[in-house]
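The stops below go from the whole chain down to single residues.

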Amino acid sequence: GDDDCGTVAELCHGVLPLGQVWGYLGRRLAPLLRTDAAGRVWVLWERRVDPEGNRQPGELIGRAFDGQRWGNTVRVTPEGYPYCYYAPADAAPDDGAFWLAMRHPMEPDAWNLLADILTIGDSADEVVTAPYPWPRVALPEDLAPLPSVEPTRVDGGACQLYFGDLHAHTTLSADAEGEPDMLLHYARQKARLDFVALVDNDFCYCPLMNWEFETGITLADHFDEPGRFVALRGYEWTLWDKEHCDHPNHRTVLFPDDYACFRHIDPATPTNEHLAEEVARLGGILLTQHRDWDLTDGEAETAFEACSAWAYYIDEPTPFHRDLVAGRRLGFIGGSDSHRRNPGTCGALTGLYAPELTRHAIIDAIRNRRTYATSGSPMVLDVRINGEPMGGEVSVCGPPKLQVAVQGTQPLETITIVRGTVGGEIEDVGPVCELPVEGMSATVEWTDAQVQAGTVFYYVIAKQRGQDTHYASNISIGEGCRAWSSPIWVTQREG
């Protein structure tokens with residue numbers, strides 16, 4: 001305010017440290033007001049013990065106000081306490097004692113709450129200070145302007161291009177920042193997305209409680225406004241069966257209507273196969289995450305996450321090509337995997353073609369693979385083979401003709417066409433044509449004179465000038481320079 005008391009509480013410890021850091025479970029952004037036996041008012045909040053650490057313990061600290069001045073910042077909880085994760089909102093009794101509920105992340109009983117009675121007062125006398133400096137980081141000032149795109153024809157109907165982020169986390173995930181309503185505001189107002197999916201982890205250090213899952217769903221329903229902004233219902237499945245594979249087998253789970261949280265720690269859904277069956281029963285879809293995965297045979301398996309704010313997974317394309325060669329029909333999407341309150345602006349987007357901006361239309365477009373991934377910029381990409389749009393299947397007689405239309409946010413550089421054969425060899429999948437282009441938009445055609453027997457898939461990589469830039473902790477304004485179209489499958493017919 002206008003008085004001279006200065007900063008009362010530093011509530012941002014650990015948000016943007018110098019190095020890489022994960023989120024934090026404690027009450028850093030949810031201070032408590034309590035009174036002690038002497039009648040002093042205390043502001044209590046939590047901070048990391050180690051600002052650069054991952055899954056490090058926290059400590060509850062606070063300052064007392066005696067009616068005239070604020071005291072020193074002191075440690076309130078004894079050393080070695082677990083995370084102070086919950087506390088009742090009602091006022092404390094006159095003796096300064098109140099219940100504190102806590103968790104031990106990563107412990108076998110992480111889904112249990114521990115409770116203790118804490119008394120604040122004169123015993124809290126260990127003065128603490130901020131343990132690290134705050135560096136300044138220069139970020140781009142604003143986003144590129146959104147493109148103006150005329151409706152296009154897909155499957156005989158008019159479709160509009162929409163942009164969104166299909167993979168963002170909130171503070172309901174144990175390793176992420178930001179309240180869900182804050183992120184929904186950011187996605188709609190700052191990132192200017194058409195759609196977003198906040199998909200918190202069903203289990204990451206601590207399980208997603210039923211009330212937490214319902215909180216996310218309720219807020220998504222509140223913000224969902226057909227025709228203006230779509231907030232999808234969903235969560236992230238986080239199975240990592242370390243006895244059988246060397247990589248997490250996560251999925252983004254999205255629902256158009258009915259929904260449920262099928263955790264891998266729940267007895268009824270311990271495997272991906274159980275998950276796929278239950279999600280399909282509710283009409284939902286599954287999207288891969290990270291660098292590798294093990295697909296099920298379930299119909300809910302829908303799309304590959306080609307890129308995120310952490311990495312451009314498709315730069316190491318073997319897992320993608322492995323499943324495409326095996327005959328899988330999945331599209332490409334981009335999801336930021338944002339953990340730092342900035343869905344849509346930290347390095348990955350999905351562009352998709354849908355007849356309207358509603359949950360059902362967005363889910364149907366992803367299910368039908370009318371999608372492409374970008375490394376952050378709202379590049380326009382339209383790929384067709386003999387008129388069939390991206391994600392489709394077409395039969396041809398003779399050489400297939402590819403038509404590619406691109407509109408960049410920066411001058412364009414190249415269009416690369418990648419080809420592979422269903423049932424062929426993974427190592428044979430690769431670029432078959434690279435076309436130089438100039439200007440802010442380009443339309444090219446290319447005919448594959450090497451007619452392939454059987455079923456062949458093609459996808460396109462569009463690149464504009466510049467390089468994809470990484471910032472620590474998902475904090476960048478997304479201005480990526482590449483886009484990857486969903487494949488199109490082409491089968492040769494006789495005659």
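Predicted model: local features only at pLDDT ≥ 70, side-chain atom pairs only at ≥ 80, totals over all residues.

Residues are numbered from 1 along each chain as its sequence is written, and side-chain values use heavy atoms, with hydrogens and water left out.

Switch to cartoon. The protein has 5 helices and 29 strands; these are DSSP runs, numbered from the N terminus, with helices being H or I of at least four residues and strands E of at least two. Of the 495 residues, 57% count as buried (under 20% relative accessible area; exposed is over 50%, and partly exposed lies in between, with a 1.4 Å probe and protein chains only). Among contacts (heavy atoms within 4.5 Å) with a separation of 6 or more, 69% are between residues 24 or more positions apart.

Next, select the sheet β21-β20-β23-β26. Its 4 strands form an open sheet in that order, with antiparallel pairing. The edges are β21 (388-389) and β26 (441-447); each has a single partner strand, so one side of each is left without a neighbour in the sheet. Strands count as paired if DSSP finds at least two bridges between them. Zoom in on β20 (residues 380-385) and β23 (residues 401-407), which are joined by 6 bridges. Pick Asp 382 there: its bridge partner in β23 is Ala 405.

Now select Ser 486, in the loop between β28 (482-485) and β29 (488-492). Is Ser 486 buried or exposed? Ser 486 counts as buried because its relative accessibility is 0%. Show the side chain of Ser 486: a polar atom of it lies 2.8 Å from the backbone nitrogen of Phe 332, and the side chain also reaches the backbone oxygen of Thr 371 at 2.7 Å. Beyond its neighbours within four places in sequence, Ser 486 is in contact with residues including Arg 369, Met 390, Tyr 458 and Tyr 459.

Finish with the cysteines. How many disulfides does a search of the whole structure find? The search finds 0 (a disulfide being a pair of cysteine sulfur atoms within 2.5 Å). Select Cys 261, which counts as buried because its relative accessibility is 12%, then Cys 433, buried at 11%.

Key:
Polar contact = N/O pair within 3.5 Å; in protein donor to acceptor, adjacent residues only side chain to side chain.
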